[in-house]
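I opened this model to look up its salt bridges and its nonpolar cores. My entries follow in the order I made them.

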Amino acid sequence: PLEALALSSSPSAVVEHGRIVMADAAAQRNGVQCGIGGAAARALAPDITLIARAPEREATALQTLACWAGRFTPHVSLTPDTLLLEIGRCLRLFGGLRQLIGTVDEAAQALDFTLALAAAPTPLAAQWLAQQGQPVFCTALSRLPRHLERLPVTVLPGKAAQALQRFGMTTLGDARGLPPGPLARRIGAESLRRLAQAFGEAPDPRADFVFPERFALSLSLPALVENAAALIFAARRLTSALAGWLAVRQMGVRVATLRLRHESGETPLPLRFADLTADGERFERVLRERLDRLELIAPVDALCLDASEVAPLPGGSGTLFNDRYAESGSMGTLLERLSARLGETQVYRVAVRDDHRPECATRQATLQDDWSPRRKRSEGSSLAMAGDRPSAILDSGLCRHDEPDIVQYAPDSGVLPRPLWLLDSPEVLREVDGRPYRRGPLELLAGPERIESGWWDEGEAIGDLRRDYFIARTVDERWLWIYRDGRVPGGWFLHGYFS
């Protein structure tokens, strides 16, 4: 109840029906305890902040935590005040129970949530142990009774607990000492069934939390925030939930939007990534860069994170020695940070464009633009484009000196490989005895490939053209991409270099 409100002032406490239901550490040091009235709390701590309990915000916080828990297991169950994680099948992935417990606790503290943790072979046993503040981590069913029998009977429903207390029974061990028949008459069949479920003597199926098909979570702030950089701590709850949701869905996100809500509307803050990712650290890193340079137009009272562009995340190969530096130093991470720091229009990649003319076949694209040549061809393009086959160029043998290999790169269609290096402006070549000449005569190895037309570009400098392209070799064994201009006055030109 207290942490769901994310109260910034201290001492503070949550009030329901005029009574304190939760107090922070500072209020407790002043003597404020659960169950006392609001007036008594103010007498003990005059500067205390009292906030009405908000069940809807508690439910939202618990759902946020459920999404966050998806990074540990896809099987998560909720009760009104407990988060249950089925971890039996993923312990080896995290190095055992103790390591997993430590990871969960550390990650929750980063979100400003305090967890009471317990582990048991049955969900109800784990729930009771955690609610009683018993840090028990038991995985063997045979050892479970000795932990549960020490719990007070108050873990049972109110009427059952009162009935047992009237007979002088204070622990579950005392209650388990009675025969099942007399015990059922005293506490009821339902409470007896819950006892059997907790001890593993009856099945206790739990419905899994249904992770939403679309990720969109909101977070109300406890007070108006006027500094954008201060929002990173609150937004961390949303980005961590997004990372867990993506892990369960086995998806990655390319674009997410953090919406900063204020009285006059909302300010969208796009978070763009160089490639699909489900890494919460990358989310926070890019978000921090954006917020550090943002000036708020109005104080913010709520946040909403929306994952707008998600897709299945392809599998990847892990490093042999778990080299975290290699991951953190990846090119995608660097591009994201540069884009967030310098601006989206200042960092771009070269992408293909559906145009047969070499000078028009590439364009500047943002990190999120679809630049895949394969996608372009699938959309109906049947023309070769500059840079369209880089792997064929780099692996084709055009850098070797064995001329017969060039035959396999001159298919019947007449389409030649394209070099990755084009000149800004074609270089005029000399012509000697009808042959192109550059520091010696050039040997034509493949071609011609006719590239022509472009009359429809009225405003383009390149416009209409008619060229016959060849692959040529110089006297010093360099491989060139040249063409003969079919328009008046004609002539030979150098347009690009192979490796």
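I began with Arg193, which is partly exposed at 39% relative accessibility; on this scale buried means under 20% relative accessible area, exposed over 50%, and partly exposed in between (1.4 Å probe, protein chains only). Before going on I noted that this is a predicted model, in which local features need pLDDT of at least 70, side-chain atom pairs count only at pLDDT 80 or more, and totals for chains, interfaces and linings use all residues. Residues are numbered from 1 along each chain as its sequence is written, and side-chain values use heavy atoms, with hydrogens and water left out.

Entry on salt bridges. I took a salt bridge as a side-chain nitrogen of Lys or Arg within 4 Å of a carboxyl oxygen of Asp or Glu. I searched the whole structure and got 22 salt bridges.

Arg193 pairs with Glu190 at 2.4 Å, N to O. I found both in helix α10 (residues 189–198), 3 residues apart, about one turn of the helix; helices (H or I, at least four residues) and strands (E, at least two) are DSSP runs, numbered from the N terminus. Glu190 is partly exposed as well, with a relative accessible area of 43%.

I then looked up Arg288 and Glu284, whose side chains form a salt bridge at 3.2 Å, N to O. They are separated by about one helical turn, because they lie 4 residues apart in helix α12. Arg288 is partly exposed at 34% relative accessibility.

For Arg473 and Glu477 I read 3.7 Å, N to O. Arg473 is buried at 8% relative accessibility, whereas Glu477 is partly exposed at 31%.

I also noted a network of salt bridges that links Arg214, Arg259, Arg261, Glu266 and Asp306.

Entry on cores. I counted as a nonpolar core a set of buried Ala, Val, Leu, Ile, Met, Phe, Trp, Tyr and Cys residues joined through side-chain atoms within 4.5 Å. The largest has 53 residues, and among those with the most contacts inside it are Trp68, Phe215, Leu258 and Leu303. Elements that give two or more residues to this core include α3 (55–68), β6 (216–225), β7 (251–262) and β9 (300–312). α11 gives the most, with 10 residues.

I checked Leu303 for contacts (heavy atoms within 4.5 Å). Leaving aside neighbours within four places in sequence, its partners include Leu217, Leu231, Leu238, Leu258 and Arg259. A second, separate core has 25 residues, including Ala125, Leu144, Leu151 and Ala175.
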